[in-house]
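Good morning, and thank you for coming. I would like to take you through one protein structure today, beginning with the whole chain and then turning to single residues.

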Amino acid sequence: MATVLVRRLPSPPHNFTSQQRPFSSHQRSFPAIFARGGTSNGLVIDRRNLPPQDQWHTVLPGAMGSPDPYGRQLDGMGSGISSTSKIVVLGPPSRRDVDVDFTFVQLGIRDAVLDMAGNCGNMSALVGPVAFDAGLVARPVVERAADGEQWATVRFLNTNTGKVMVARFKVAGMPLRYSPEGDYVMDGVPGTGSKITMSFMDPAGAKTGKALPTGNPVDVLELSDGSTVSASLVDVGNPGVFVGTEGLGLAEHMALTPALVEADVVLKSRLEDIRRAGASKMGLDPQTESVPKIVLLFPSSGSSEIDIRCLALSMGQAHKAAPLTLALCLGAASQLPGTIAAGLIAGKSKDTVTIGHPSGTVDIGTTIRDGKIESAKLLRTARVLMKGDVYY
């Protein structure tokens with residue numbers, strides 16, 4: 001591919017609003033984009049259109065419709081589930097090796113708590129395309145392929161974890177803009193789109209500093225009722241508590257669905273107890289719902305196309321797909337000797353692991369060199385759904 005630097009002509013950052021303006025405490029709206037990234041959606045906001053970060057709680061909950069005791073977010077842009085109560089805030093780069101900074105916010109649906117403890121891989125897929133189109137990338141790099149298609153690369157820093165990510169996506173037109181049309185099919189999302197290649201650089205230890213926070217591939221967790229359970233505590237992309245269904249006595253694992261988990265109050269309570277015990281063991285705050293998340297791992301389904309099957313819980317809800325950073329964490333965990341995930345693939349070393357989740361599959365590529373996880377890679381799609389002013 002031929003690589004060129006694209007020099008942008010000055011233009012208004014029209015993808016946020018026709019006229020950006022500094023935040024004022026007297027106004028009751030701010031410009032934003034509403035968009036889908038992977039299997040999530042939410043607001044994308046230019047940091048300049050928000051008050052200082054310690055005042056975000058006065059603005060963002062109202063925009064998303066929280067707090068809502070009915071759990072619907074009917075009076076805002078959210079829709080009552082964890083994967084659609086998300087916000088991405090873009091800002092100027094704080095480091096010379098990145099093009100843009102972004103902060104992820106997971107908003108509590110019922111309690112309106114702004115949780116910034118971790119990252120969201122799905123919403124991260126929006127950062128490169130939106131920043132490129134909004135003119136936030138000072139010197140974008142664009143490659144022209146042999147077939148004439150052009151691909152942009154944007155490096156960005158996730159301020160939640162301090163980790164760098166790289167997005168590569170298709171651009172077209174004059175001036176160049178992100179091109180969402182394509183033939184890539186992503187499970188959990190209807191239709192097709194152009195693929196966005198997401199690379200998570202040096203993803204280990206996003207919150208704890210180590211891929212295996214305790215140094216053990218498997219830990220025995222002591223629960224509040226005096227019982228114990230074995231779990232792999234892994235921190236790659238985002239920390240996760242991985243438990244096998246057989247270890248929980250879930251014999252009917254083949255029929256376990258998000259709906260069945262949601263209906264089983266006793267099981268959900270036990271899983272939350274396990275998550276909290278894992279958080280404490282990892283040195284994290286068990287009161288923070290967003291990290292770590294808990295992931296159920298199923299024995300092989302016998303399919304030659306799926307390496308590992310899982311079901312994740314996010315913010316206390318059974319997820320209908322795989323939270324992207326948890327899929328990334330699981331893919332890496334399968335390549336760490338001795339973990340529960342590695343046992344499920346019989347300890348095989350694989351460049352790409354196919355993970356099955358309730359909505360389909362996702363492929364995770366992990367590069368390990370000299371025992372260190374250098375990067376993890378996966379594919380997403382994304383699309384801007386609307387832009388304008390959000391009232392709060």
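What follows is a short tour of this structure, which is a predicted model.

Let me begin with the overall form. The protein chain contains 7 helices and 21 strands. Its C-alpha atoms fill a box of roughly 60 × 50 × 35 Å, taken along the principal axes. For 392 residues, a compact globule would have a radius of gyration near 21 Å, and the protein chain, with 21 Å, agrees with that. Of the 392 residues, 56% are buried. The accessible surface amounts to about 16,900 Å², and carbon and sulfur atoms account for 52% of it.

How do the contacts in the protein chain relate to the sequence? Among contacts between residues at least 6 apart in sequence, 64% join residues at least 24 apart.

Next, please look at helix 6, residues 324–333. Why can we call helix 6 largely enclosed by the rest of the structure? The reason is that 10 of its 10 residues are buried. Among them are Leu324, Cys329, Gly331 and Ala333.

I turn now to charge. The protein chain carries 38 positive and 36 negative side chains, and the centres of these two sets lie 6 Å apart. How many salt bridges does a search of the whole structure find? The search finds 11.

One of these pairs is Lys170 with Glu149, whose side chains meet at 3.8 Å, N to O. This pair links distant parts of the chain: Lys170 belongs to strand 9, whereas Glu149 sits in the loop between strand 7 and strand 8, 21 residues apart. Lys170 is buried, at 13%, while Glu149 is partly exposed, at 32%.

Another salt bridge joins Lys268 and Glu262, with 3.2 Å from N to O. Here Glu262 is partly exposed, with a relative accessible area of 34%.

A further salt bridge is formed by Asp307 and Lys350, whose closest N and O atoms are 2.7 Å apart. Asp307 lies in the loop between strand 15 and strand 16, and Lys350 in the loop between helix 7 and strand 18, so this pair ties together parts that are 43 residues apart in sequence. Asp307 counts as buried, with 18% relative accessibility, and Lys350 is partly exposed, with a relative accessible area of 28%. There is also a network: salt bridges that share partners join Glu272, Arg275 and Arg276.

Asp99 is found in the loop between strand 4 and strand 5.

I now come to two residues in loops. Is Gly209 buried or exposed? With 59% relative accessibility, Gly209 counts as exposed. Its loop runs between strand 11 and strand 12. Gly209 and Asp235 are 26 residues apart in sequence, and their C-alpha atoms are 8.0 Å apart in space.

Met315, in the loop between strand 16 and strand 17, counts as buried at 18% relative accessibility. Residues touched by Met315, apart from those up to four places away in sequence, are Ser82, Gln106, Glu289 and Ser290. From Gly215, which is 100 residues away along the chain, Met315 is separated by 26 Å between C-alpha atoms.

Finally, some remarks on the backbone. The peptide bond from Ser66 to Pro67 is cis, with omega near 0 degrees, and Pro67 has its place in the loop between helix 1 and strand 4. The peptide bond from Val291 to Pro292 is also cis, with omega near -10 degrees. Pro292 lies in the loop between helix 5 and strand 15.

Which phi values deserve a look? Gln73, in the loop between helix 1 and strand 4, has a phi near 55 degrees, a positive value in a residue other than glycine. Asp370, in the loop between strand 19 and strand 20, has a positive phi of about 55 degrees, although it is not a glycine. As for accessibility, Gln73 is buried at 1%, whereas Asp370 is exposed at 80%.

Thank you for your attention.

Note on methods
Residues numbered from 1 in each chain as written. Predicted model: local features only at pLDDT ≥ 70, side-chain atom pairs only at ≥ 80, totals over all residues. Heavy atoms only, no water. Helix = DSSP H or I, 4+ residues; strand = E, 2+ residues; numbered from the N terminus. Rg over C-alpha atoms; globule rule 2.2 N^0.38 Å. Buried < 20%, exposed > 50% of the residue type's maximum accessible area, 1.4 Å probe, protein only. Contact = heavy atoms within 4.5 Å. Areas by Shrake-Rupley, 256 points an atom, 1.4 Å probe, with all protein chains shown as cover. Lys, Arg positive; Asp, Glu negative; His and termini not counted. Charge placed at Lys NZ, Arg CZ, Asp CG, Glu CD. Salt bridge = Lys/Arg side-chain N within 4 Å of Asp/Glu carboxyl O.
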